[in-house]
Structures are given as C-alpha cells and as structure tokens.
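Here are a few notes to go with your first look at this one. Have the viewer open as you read.

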Amino acid sequence: MSQKSTPPVRSGGQILVDQLLIHGADTAYCVPGESYLEVLDALHDVTDRFTLINARHEAGAADMAEAYGKLTGRPGICMVTRGPGACHAAIGVHIAQQDSTPMILLVGQIARDTTDREAFQEVDYRAMFGPIAKWATQIDDARRIPEYMARAFRVATSGRPGPVVIALPEDMLTDRVAVPDARPYAATAAGIVPADLDALTAELSRAERPLLLLGGSGWDDAAAAAITRFAETNGIPVSCSFRRQDIVDNLSPVYAGDFGTSTAPSLYKRLAEADLLVVIGARLGEMTTRTYTTMDSPNPGIRLVHIHPEADEIGRVYSPDLGLACAPAVLAEALDGTDLGRKDQWADWCAALHGEYLADTEAPNGGDWQLDMGVALTQIRDSLPDDVVVTLDAGNHTGWAQRFLRFGRPGRIVGSTCGAMGYSVPAAVAASLRNPDQLVLSFVGDGGFMMSGAELATAAQYGGRPIVLLFNNGTYGTIRMHQEREHPERVSGTTLRNQDFVRMAEGLGCYAERVTRTEEFAPAFERARASGQPAVLELVTDPEQISTRTTITALRKAALAKQSA
C-alpha cells in the first residue's frame, strides 16, 4: 500500500505560483502592487520557467493578457493590485468576456480582518466583476488555493471561454500551510453525436445557396485547416464574423469576406440571396449582424443552423432550425473529409462570392488623397510573411487593414470585437514579446494611441519589436463619422490637437518616421522592419477620407438631404 507524501509548508504566494506552473502558465503581465508582494516574491524563484512582464498601466497589462489568450488558446494571466489597479484592468476583462477569450485576472486584496470597513482601496470584486466575468471569486483560505486555481483554469477554457477574476487577500498570501497541489487542468469541450452531424450535413445537402459563417474563439490552426478543407472539398462559400478573418485563408477559392465594420455591400446582398446560413462558433452579435438588421428576430427569415460551444448562446437572438452545442475544433474535425457531392451545383455560387471579395479588396485609384492607405497596404500585402500578426484598435482606421490586407493561418488577426480603444498597442507588445522575430503590425488611431501608446516602453524594455501604424487624422474618426451622419456640420468634442508623435515614439525607445504621401509608405515600412526596434510610423491622413467607403462631404450631403426631405 503506497503512502502519500507530506506536502511542504509554503506561503499562499508560493502555492499560487506553483499552481500557475502546474497548469502550464509561462507568462504574466502586471503592474506591481504591495497587496500581492508574496506572489511577486515567489515568482523571483522561478524566473527560469516563468516570465513576468511589468506594464505601464493596468489596462495595458490586462490587454496584453487578453491578447495572449487569443494567440495561444490558454488563459492569459494578469496581476494587478487592489482598488484602482483592478478598476483599470476591468476593460481587459470586458474584452475577454465579449471576445470569448480565456483569461485569469489575479487581484491583490485588502487583509481579511479589515473587510467591510472601507479599508484603503477596498472593493468587493465579486460584485464588481460579476456581470462581466465568467466567474469572480475570492480565496480566503490558503489551503484552498489549488482547488480555486484548478477551477479557474477549467472555467476560463471550457465551453465558451472567458475571463475569471480571483481576489487574493494580502494576509492570506502570507499564511503558511501544507496542502497538496492540484493535478494539471484539462478543458471540457462540447462534442457532437453522429445523429447531429447527420442533421447538419442533411441541411447542407438540400441547400441551393449555402453560406458558412465562422467566428468566435477556439479555432486553433488544425481546426482552421480542417474547416477550410471541408469547405473547399464541397465548394461552400465561407464568411467570417467581425475580426475573425484569419480562420480561412482569404485567398482560398471559398472565402467570401467578413461581416463586420468593413463589409462589402455585395456580401450583404449575397446573404439575402442565401437559402441556408450555417454559423459555427460565432455569437451573431451586433457587429456581425449590422445591429441585428441582416436577419429578422427571432425568426431569421432564412434557414439557420447555429453551432456554438455554449448551449445558452444558441437562440439568444435568432431561433435556429438546427442548434448544436459543439466546440468549433470538434466540429471541424468531424466534418474534415466529408464530401456532400454538391460541389458542381454550388460552383457558380461560390465563385461569384469569392470573386466579389477579391474585387472589393483591389486598390483604389488613390488619386484624391496625398496618403491613401488602401493603395499603400495593397503595395506591401504580398510581401508580408505568412505568419504576420495584425492587432487592431477601435476605430474607422482599422477598415483599411480589414479590407485591404489578407489573413489566414499561421498568421493571426488580433482585435477586440467589443470596440475597446487603446487595445492594439498592448496587444502588439504581447504578441511581439512572445516571438520577437515575428512581424507584428499594430493599427491604431491618434486617439487610441494616446490611451496606451506608452506600452511601447514595455516593448523596448523586454525586447519586443512591433511596428505601430499610427493613423493621425486629428479626430476621433468613428465618432466624427456618426456625428456628421446625425448632426451634419455640428462638430462637437471630436477634434484632436496632436503633439509630435515621432519625437514621442523616439522618447519611448522606438524607431519612428512621419509619412505624408502614399509613395513614402513602402520605403518607410521597410526601414521600420530593418530597424531592429519597436517602431512607429505616423501616417498623416486626411479626415475627409473618414472610412474606406465614404467621405465627410458625402455623409453631410446625405444627412442634410434627409433633414430637408
């Protein structure tokens, strides 16, 4: 009969760090705080196995952790202190929730014996994060740290992935106890039974104009390749949800474009013509459905199959003809190799959608603008490596990347689907620190850069080399666009007076240039790539060119005509 070994006596901080290592965590992003000194001290002993990145702001640290979760499929770890630190990090938790990203936020907390006295920086994190986290809790007993951390990793990665928030009272972290470690976690994924697979293939087989819509999280490289093979074998056109264009190679003959903020009008027309929409992984949220107008609710007016890892998500807005709770990777593997025998009948339909996507991504003539980023990006896109990572901020400027760049695996598009400004730069820093030899491009506006651009100092400190494409048009562009549409010629609160971004970037340890003409962009881009430093290219664009599809003048004319009608 075997005897159990006696676990060593450790502090709560040491136990917590040991659990992180057991569950495969290798990196955390933080702003240090006195409320979790015991964790920081325990990390000092494992620098050969764990990397701690101290960011310049808790929002940046949380965004980095969220981006790590997107890139790896494993929980991104963020550590912040109590009160203001946790409040700053809340935006990263909200992003992880809406983007279905695995993430764990560890918050240093006040001592247990000062609870409910409004102690210094006291916050109830269960109440604060409950509505925007998948699970929010507090560990009051150091002996339960292994239990809580094992559950946290499972919750963050199982079903629909999401964020977990754990408060850590500072005195609990100093308690010394003997407790066994948890075993490494394993995520639980919803599967599919043969009858459900048969029902899905039957729906596809009787369709005349089927359309796949892929999105959500949980698409690893193998799953992306498998669903692409299935679509290509059968000639089924594939669209993607907002900022998920990397699931299928955009040059695949089945790729039809994405439903988001830069959708081609032709794709909306084709959706109206389709007689079957098969949604795999996507939530059918506001951005993907053009504010819930592309289909009727609750009855969508088209045969709808909705497959999502979380059963409660199916039917939330649109009632499907067939709803299946299944992880995208599991379904992709199950469909791989399936030939429905309808490729010839769907050939013209598929070719038309892909052809319209290609036509919409051709370079504009560029004659109206000194710096036309549509032209500039099409000039460099074929020279970008296959594994390029593109991070996107909120704002109209991202339309140029979403429309004129091409995506696919092994590269990634990493953007907040909840529209968080300030996301792109920290996300790019996290991506570049994972692999400094990988090309990472950050698309950010002048407004978003001023929210988190200081994180380039983090890149410089730790050896990251992202290239930031900073669109400077002197406005909060998206809001200006809506303002002109609703209140033409009444500009209020959307004008920015900017500083010298080049000098600012250089002060943060970056290579930097200002670009004002289209023909200047490609050479400047190559100099930035060759610099061996984090880099910023300030792109001085005309605010009149407010998006890839319209101008301020056109918006004003349409709005004034509507008012006078």
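1. A quick term before we start: a polar contact is a pair of N or O atoms within 3.5 Å, and within protein one must be able to donate a hydrogen and the other to accept it. Keep in mind, too, that this is a predicted model. With that, look at the start of helix 13, where a side-chain oxygen of Asp372 comes to within 2.9 Å of the backbone nitrogen of Gly374.

2. Stay with helix 13 (residues 373-380) for a moment. Seven of its eight residues are buried, so the helix is largely enclosed by the rest of the structure. The buried ones include Met373, Val375, Leu377 and Ile380. Among the elements covering them are helix 14 (398-404), strand 17 (440-445) and helix 20 (518-530).

3. Next, the cysteines. How many disulfides does a search of the whole structure find? The search comes back with zero. Cys87 is in none, and its nearest cysteine sulfur, that of Cys78, sits 13 Å away. For Cys350, the closest cysteine sulfur belongs to Cys240 and is 13 Å off, too far for a bond.

4. Is Cys350 buried or exposed? At 5% relative accessibility, Cys350 counts as buried. Cys87, at 42%, counts as partly exposed.

5. Last, have a look at the open sheet: six strands in the order 11-10-9-12-13-14, with parallel pairing. Strand 11 (255-258) and strand 14 (322-325) are its edges, each pairing on one side only. On average, neighbouring strands are turned by 15° against each other, direction ignored. Inside the sheet, strand 9 (residues 210-214) and strand 10 (residues 238-240) pair over three bridges, and Leu212 stands opposite Val238 in strand 10.

Key:
Residues are numbered from 1 along each chain as its sequence is written. This is a predicted model: local features need pLDDT of at least 70, side-chain atom pairs count only at pLDDT 80 or more; totals for chains, interfaces and linings use all residues. Side-chain values use heavy atoms; hydrogens and water are left out. Buried means under 20% relative accessible area, exposed over 50%, partly exposed in between (1.4 Å probe, protein chains only). Helices (H or I, at least four residues) and strands (E, at least two) are DSSP runs, numbered from the N terminus. Contact means heavy atoms within 4.5 Å. A disulfide is a pair of cysteine sulfur atoms within 2.5 Å. Two strands pair if DSSP finds at least two bridges between them. Axes are lines fitted to C-alpha atoms, for helices over the stretch in contact, and angles run from 0 to 180 degrees between N-to-C directions.
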